[in-house]
Each structure stands twice: as structure tokens, then as C-alpha cells.
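Me: I would like to learn how to read the features of a protein model. Could we take them one at a time?

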Amino acid sequence: MTGPAILLLLAGLGAIAWVSARARALRLAGVARASGRRDAVHSLPGYHGWYVALWTLIPAGIFLAVWANVSPGLVTQSVLADPAAQSLPMDGFSRSAILGEARAIATGAQAGAFNPAANALVEPYRTALSHYGIAGAVLALVLAFAGGAYAFTRVRPDFRARTRVERLVMATLLIASLIAIITTLGIVASLLWESFRFFSMVNPIDFLFGIKWSPQSAAMGYGNEDAFGAVPLFWGTIFIGAIIAMIVAIPLGLMSAIYLTQYASPTVRKWMKPTLEMLAGVPTVVYGYFAALTIAPALRDFAVMIGIHGASSESALAAGLVMGVMIIPFVSSMADDSIAAVPQSMRDGSLAMGATTSETISRVLIPAALPGVVGGVLLAVSRAIGETMIVVMAAGLAANLTLNPFASVTTVTTQIVQLLTGDQEFDSAKTLAAFALGLVLFIVTLLLNIVALRVVKKYREAYE
């Protein structure tokens, strides 16, 4: 029996359990009210239905999750015990390849075998998959019936079904809220451990303050000295994401928010705001193609025209300009919402005192909305720092420490992707450098958020 069929059958059993338990609770509650014992009814019939349905679905669901991880090993052991598997090579890699190919053919994921030895194992695989699939389905159904029967026997007017169901909902919400925290702790622990391994091979001072980045030379056996200087990467990230992109995004985003909230008519705002926010939904690879095929050649031709020699077709300026356009919605949307949230009485009071519209915007609305504007700018900076595709396609992979916006540069995220692409050995400094770069990026982002919170706290004001 296939997985979707089992899940569909369990869902049907859960629905039947809900309807049956609710009907029983309604009948018992009616009997209790008819006998004058209204206080004996604790929970609504729907809670009894959910209680029985959850007891029907949760034990069976947990078993299926465990079985999905256990059954592949049992299937493999059953196939290896078959006489057809006695001729398999003793080499572990070859044996795994043959078994994987036979399994793919047995499940229909592959039409034919490249290795003739796999054909002999197809039927044993099909038999084992069928047997263990049926066994798992039967056990799951038994658990579903047992759990539903146990819960159904507890349906009575005074049973606190609502309390039990709400506790389960609260536990689910708690687990959901802890996922982000646990994930963050796991990421930090992984970064710290792998970074510690990297810094046991490379001097941290050389990494943080070195100006030569050439991990490939270290991988070729030329040593780790002067190969992992990350300053060019840090500068490329700041140059593209925090300088060029912000020079484009902050003025355009803020001015568009001011226009949409203070000057645009309702009809214009109705059409322009969604159109502007559509920029955030365009895939970054599309921006990358646009930057590589349109913006970068135009900038190179412009640089040659004004007498700048050696301009590259992959430049920091091309990536920064397109990245700035991409993150305009982040600045504009947050600024728009913050300005619109400023009480109308403040704007009216400023205009009543004789201030012009521009003076009201610059001296009243923007200071009042500053926390939201700062939040939008930080969100845009974080988005720009973490961007990879545009940099790869428009700025190149060269780790150059330069102020020339027409030169090719690279960023931290781009190098992380390059270092972890393909088959890598996690015992070399070249691969572990990606984790050290990620740790530095994480710390810098954390510090930026702390500074931003202090700025927001300093300028936040309470308005009635």
C-alpha cells in the first residue's frame, strides 16, 4: 500500500472518529440535560470529536514517521538475505550503487539498469517493499483503531475534552515558536564548531586583516599563509550591498513612499503601490540576467566613453545598481506604512501652524516615522548583504580590493557558495573557510541589528 493511500485512509478514519465522537457527545449531553444535570456537561461536542480524532491520527502518524526511517534498512537487509544477493561485490561503494539502482527500478524511478547485477535484485526489492509496506500500513491502522477506541470510551458529559485539546494546541504552538530558536542555536553551534576547526589551521588575524584571498592555492598545496585574507570579500560586500545599493534604494524608496502617502491621489496610489511592490517578487536570477546582459555592458561602454580604461563587463556598479532597484520595495513599503501610521492630527497641526507640506514632511512626519524607516533600511541592507545571484552574474568572482566601481569584485555570500559547491572535503581549510565567512557575516548582521534597535529606541516617541 502506497504512502498517499495510507494517509488518505487515516484521514478518512479521523473524519469518521470526529463525527462518531461528536454524535455520541451530543446524545449523552442531551440525556444529561433531560435528566436535569446541566452542570455535568463540561465540553462542547466538537471538542470530544477533536479529542477522539487526534487520538486516532497522532499515534498512527508518529508510527508512520518512524517507520519511514526504519523500513528502508529492513528492506535492504531482506534483499541482502536473498540468494540473488550472494553474488554482489564486497566493495561497499559498488554494492551500494547496485542496491540503489535495483531499488530505483523496483519503485519505478528508473526504467532500466546500467549494471546487470541490479536486474537480479529487482524482484527481491519489490517483494520486500510490498511486504514491509503492507506491514507498516496494517500496524498504522491498528494504532489508529486502538487510539480511537480508547478515546471513544472516554466520551461522557463530564469529561474535560476541551482542556485536553487546548493543551495539545498550546503544546503545538509552543513547539512551533521554539523551532526558530532551536534552528538559530543549531546554526550558531555549527558555525562556531566549523569556524573553530578553520581557525586551528589559519591564523584569525591573517583571516580578518589579510588582503589576499586565494583559497584555491591553499587547496593545491601551496600553504595557508596569505591565502585566506578576507578583507577583499568584506569590502566587496560593503561596496556593493551597503554603499552602491543603498545609494540607489534609500532615496528612491523614501521619496516614493512620501509621494504615495502625501501627494498621490487614491487612484494613483491604488495602482502604483502594488506595481512598486512587484519588484520584490521578481526572481533574483532575472535581475542577474538583466544586470549581466543590459546594465553591465552599458556601464562598460559608458566608462570607455568618458576615458576610464580597463573597465570590466562585470563590475560592482552594475551589481549594486540592479540590487538597489531590487530592494527599493523593502525601503518603500516600510517607510510607507510608518508614515501612514503617523496620526493625522500631527500633520494637521503642523499645517495649521503655517508650515508648508514639505516642511511638515521633513520636520514632523519623517522624524515621527523614523523607527519604521530605519527598520526598512535595515531589512534592505540585510537583503542586499545576503544576495548572491546578482553578484555572481554581474560583479564576477574576483576578490579585488578596489574603489573603482567599474572593476570586478566579489562578496562574502558569493564565495561561500563557491567554496561549498561540488564534492568537498570538510577537512580542508578551503572548505571550512565558508563557515568562518558565515560566522563573520552573522556577527556583523547581529551588531547592525543591535545598533538599529538602539537608534529606534532613542528616536521612538509615543503618540496618542
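Reply: We can start with contacts across the chain. Of the contacts in the protein with a separation of 6 or more, 71% are between residues 24 or more positions apart. Keep in mind that this is a predicted model.

Me: How many helices and how many strands does the protein have?

Reply: There are 19 helices and zero strands. As for burial, 38% of the 464 residues in the protein are buried.

Me: How do I read the packing of two helices?

Reply: Two packed helices are described by the angle between their axes and the distance between the axes. Take helix α11 (residues 284-305) and helix α12 (residues 316-326): the angle is about 135° and the axes are 9 Å apart. That angle makes α11 oblique to α12, and their crossing is right-handed.

Me: Which residues of α11 and α12 make the contact?

Reply: From α11 come T284, Y287, F290, A291, I295, A296 and L299, and from α12 come L317, A318, L321, V322 and M326. By class, 11 of the residues in the contact of α11 with α12 are nonpolar, one is polar and none is charged.

Me: At what angle do α9 and α12 pack?

Reply: Helix α9 (residues 231-263) packs with α12 at about 55°, and their axes are 7 Å apart. This makes α9 oblique to α12. The crossing of α9 and α12 is right-handed. On the α9 side the contact is made by F239, I240, G241, I244, A245, V248 and A249; on the α12 side, by A316, L317, A319, G320, L321, M323, G324 and V325. The residues of the contact of α9 with α12 comprise 12 nonpolar, three polar and no charged.

Me: Within what distance do the axes of α12 and α13 come?

Reply: The axes of α12 and helix α13 (residues 328-341) come within 4 Å, and they cross at roughly 35°. G324, V325 and M326 of α12 make this contact with I328, P329 and F330 of α13. The contact of α12 with α13 has five nonpolar residues, one polar and no charged.

Me: Is S312 buried or partly exposed?

Reply: S312 counts as partly exposed, because its relative accessibility is 23% and buried means under 20%.

Me: Now aromatic rings. How do I read a pair of them?

Reply: A pair of aromatic rings is described by the distance of the centres and the angle of the planes. The structure holds 13 aromatic pairs. In one of them, the ring centres of W18 and W50 are 6.3 Å apart and the planes are at 65°, so the pair is edge-to-face. W18 lies in helix α1 (residues 3-34) and W50 in helix α2 (residues 45-80), so the pair ties together parts that are 32 residues apart in sequence.

Me: What are the relative accessible areas of W18 and W50?

Reply: W18 has 28% and is partly exposed. W50 has 48% and is also partly exposed.

Me: Which residues form one aromatic cluster?

Reply: F198, F199, F207, W213, F228 and F234 form one aromatic cluster.

Me: V412 is in α18. Which residues of α18 are buried?

Reply: V412, T413, T414, Q415, I416 and L419 are buried in α18. Helix α18 (residues 412-419) is largely enclosed by the rest of the structure, because six of its eight residues are buried.

Technical notes
Residues numbered from 1 in each chain as written. Predicted model: local features only at pLDDT ≥ 70, side-chain atom pairs only at ≥ 80, totals over all residues. Heavy atoms only, no water. Axes fitted to C-alpha atoms, helices over the stretch in contact; angles between N-to-C directions. Helix = DSSP H or I, 4+ residues; strand = E, 2+ residues; numbered from the N terminus. Parallel < 35°, antiparallel > 145°, perpendicular 65-115°, else oblique. Left-handed = near helix turned anticlockwise from the far one by under 90°. Contact = heavy atoms within 4.5 Å. Nonpolar A, V, L, I, M, F, W, Y, C, P; charged D, E, K, R; others polar. Phe/Tyr/Trp six-rings, centres within 6.5 Å; stacked < 30°, edge-to-face > 60°. Buried < 20%, exposed > 50% of the residue type's maximum accessible area, 1.4 Å probe, protein only.
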